[in-house]
Amino acid sequence: MAAGSQQQFLTVTRQPRSPADSGWMRLARATSAVVRPELLAIATPVVAGVHAAGVRGAAWALVVSVSAGVIPYVDARRRPIQPGAKSPQQVGVALISILGGLTITGVAVLTRAAPQEVLATHMALLAVAIAIALISGWRKWDISIHSATTATCAVIVFQEFGSPLVLAPALALLVTTTAWSRIHQGHHRASECLAGLTLGGTTSWMIYHLIT
């Protein structure tokens, strides 16, 4: 084959890279997968419970993890909806599950069986979930659950450990990267992510501060 023909063949068969296959898009997708709201709702209560009361705190934190994380995650996996979308059924299952678990942890805290930090984490997750459901249903505004949950969990961890010099930059990077990933994938507008960060951060701070 002549050199000119070979070069033409290589030029024709080389396919341009799709924007969906770019490195930034892969990073955005990986970030969204790691900070799934259900996964954060599983890990954060355990971290707070262990730091507050060791093994006892971890045991009661599992109630929060199952009701606020495991059950909504399993339900989300069995509902084939478009990525980035939320169905009313999915939100309803999450709220019912969190409420059921909250009843258990509430009684446990009242009887001094569980630490207050576990209840505070549970109530913060529930309050943010209810706020998102109400705003999404009333205003038809698709607030970013990823952003809201990441901010909620970041504020809980920050208040529990109380080490701003160590945690503040890392947590700020986490919530910022989460919001960027949702915007970059086209799942949310910047205003929807900002609303989620503000809602999750302020709500969790007030509840955690009042209870603990």
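## Helix 6 against helix 8

Helix 6 and helix 8 cross in a right-handed sense (the near helix is turned clockwise from the far one by less than a right angle). Their axes come within 7 Å and cross at roughly 35°. Axes are lines fitted to C-alpha atoms over the stretch in contact, with angles from 0 to 180 degrees between N-to-C directions.

Contact (heavy atoms within 4.5 Å) involves, among others, Ala151 and Val155 of helix 6 and Gly196, Gly200 and Trp205 of helix 8. By class, eight residues are nonpolar, eight polar and one charged. Gly counts as polar here, Trp as nonpolar and Glu as charged.

## Model basis

The model is predicted; local features need pLDDT of at least 70 and side-chain atom pairs 80 or more, while totals for chains, interfaces and linings use all residues. Residues are numbered from 1 along each chain, and side-chain values use heavy atoms, without hydrogens and water.

## The aromatic pair

The whole structure holds one aromatic pair (ring centres within 6.5 Å, the six-membered ring for Trp; planes under 30 degrees apart are stacked, over 60 edge-to-face, the rest tilted). Trp24 lies in helix 2 and Trp180 in helix 7, so the pair ties together parts 156 residues apart in sequence.

Trp24 is exposed at 59% relative accessibility. Trp180 is partly exposed at 28%. Buried means under 20% relative accessible area, exposed over 50%, partly exposed in between (1.4 Å probe, protein chains only).

Note on methods: Helix = DSSP H or I, 4+ residues; strand = E, 2+ residues; numbered from the N terminus.
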